[in-house]
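Here is a quick tour of one model, with a stop at the backbone, the strands and a pair of helices. Have the viewer open and follow along.

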Amino acid sequence: MADIKEIKVVVPDDQAMVELLGHQDQLLKIIEDKFNSTILVRGNEITIKGNAGEIEAVATVFRELLNVLSNGQHLTPQKVEHSVELVLGDDQISPSSIYSDIIITHRRKAIGPKTAGQKEYIDAIRKSTVTFSIGPAGTGKTYLAMAMAVRALKDKTIGRIILTRPAVEAGERLGYLPGDLYQKVDPYLRPLYDALYDMMDAEQFQHLMERGTIEVAPLAYMRGRTLNDSFIILDEAQNTSPEQMKMFLTRLGFGSKVVVTGDATQIDLPQGQHSGLLVIEKILTGIDGISFVHLTARDVVRHKLVQRIVEAYKQHDDERGSKK
């Protein structure tokens, strides 16, 4: 039988201990359920007893959570669960470095990465001129890109935000729909508006739209333009053709940054039409200033069931592919 060892973690004050343990020890119970070690709380000390290798991991979880608290962040069950996963996993990144990376704060809500993949994504946007984010629904591809765009606008590193999506479902019939341009494409661009309303007040958003500082338009309206001093987001890029993708990328002007997001498993193009997203990595890999980030089910930050649904569909698709 392995020798029983123990480690003590000192908590700086009573308030930090209360937040670390959670309401009615809810957060402590999450950690206890993930490990076999015995965890004892007395005064301002947490004593961990058990197998030498495991107690070090438990102590690391508590230290990382204390670092999160010291950076002014609150703990949630999701943060604690994910911190345990990170400590036990192969990711070479600490939970506190993820949760302390705050892009913007609006209405006392801090917006930033919540997973190792999302942290890689945010860092890629910071260092690259063009970033491609490819992954399933719920991984924060569009939301985080939008947050980075709003941050850049607030910091005045760019002069405007341009948001675009291919209006695939409308085909070539946009002209037959009632209303002006924005009314015609509103159903296809609504997810972009929803993300922006999370990051700025409605009055401010409306003012920036009227001034042209924020522009939302279907992809077809990008043709023939050169976009300088802009943060440009192409959403749902799996529904672009190779020709549209080339057209969009060549709109890049001086002082601009581009983020392209897409989910290769949700292509809505007509049968027989190829997706520009599926071939772009082969074409552009190795070019300085361009990054590709692949998010997975591990980066899904919606309800836990969404992560399981994404994984189940991936397994189903893999099995179908192996039978062909």
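## Backbone, sheet and helix pair

Let's start in a loop: aspartate 25 sits between α1 (14-21) and α2 (26-34). Keep in mind that this is a predicted model, so every value below is computed from predicted coordinates. The phi of aspartate 25 is near 60 degrees, which is positive even though the residue is something other than glycine. Is aspartate 25 buried, exposed or partly exposed? Its relative accessibility is 33%, so aspartate 25 goes down as partly exposed, given that this class lies between the 20% and 50% cut-offs.

Arginine 107 is another residue to look at if you're checking the backbone. You'll find arginine 107 in the loop between β4 (104-106) and β5 (109-111). Again this is not a glycine, yet phi is positive, at about 50 degrees. With a relative accessible area of 57%, arginine 107 is exposed, because the class begins over 50%.

| Residue | Phi | Loop |
|---|---|---|
| Arginine 107 | about 50 degrees | between β4 (104-106) and β5 (109-111) |

Now for the strands. In general, the strands of a sheet pair through backbone hydrogen bonds, and the pairing can be parallel or antiparallel. Here, three strands make up an open sheet in the order β1-β3-β2, and the pairing is antiparallel. At the edges are β1 (5-10) and β2 (38-42), each of which pairs on one side only. Going from one strand to the next, the twist averages 20 degrees. How many bridges join β2 to β3? There are five, linking β2 to β3 (residues 45-50), and these two strands run antiparallel. To find your way around that pairing, pick threonine 38, which stands opposite lysine 49 in β3.

Last stop, the helices. A packed pair is described by the angle between the axes and the distance between them. For helix α10 (residues 242-249) and helix α11 (residues 276-284), the axes come within 8 Å and cross at roughly 55 degrees. That makes α10 and α11 oblique to each other, and their crossing is right-handed.

Which residues meet there? From α10 come Pro242, Met245 and Leu249, and they meet Gly276, Leu277, Ile280 and Leu284 of α11. By class, the residues of this α10 and α11 contact divide into six nonpolar, one polar and no charged.

Conventions. Residues numbered from 1 in each chain as written. Predicted model: local features only at pLDDT ≥ 70, side-chain atom pairs only at ≥ 80, totals over all residues. Heavy atoms only, no water. Pairing = 2+ DSSP bridges. Helix = DSSP H or I, 4+ residues; strand = E, 2+ residues; numbered from the N terminus. Axes fitted to C-alpha atoms, helices over the stretch in contact; angles between N-to-C directions. Parallel < 35°, antiparallel > 145°, perpendicular 65-115°, else oblique. Left-handed = near helix turned anticlockwise from the far one by under 90°. Contact = heavy atoms within 4.5 Å. Nonpolar A, V, L, I, M, F, W, Y, C, P; charged D, E, K, R; others polar. Buried < 20%, exposed > 50% of the residue type's maximum accessible area, 1.4 Å probe, protein only.
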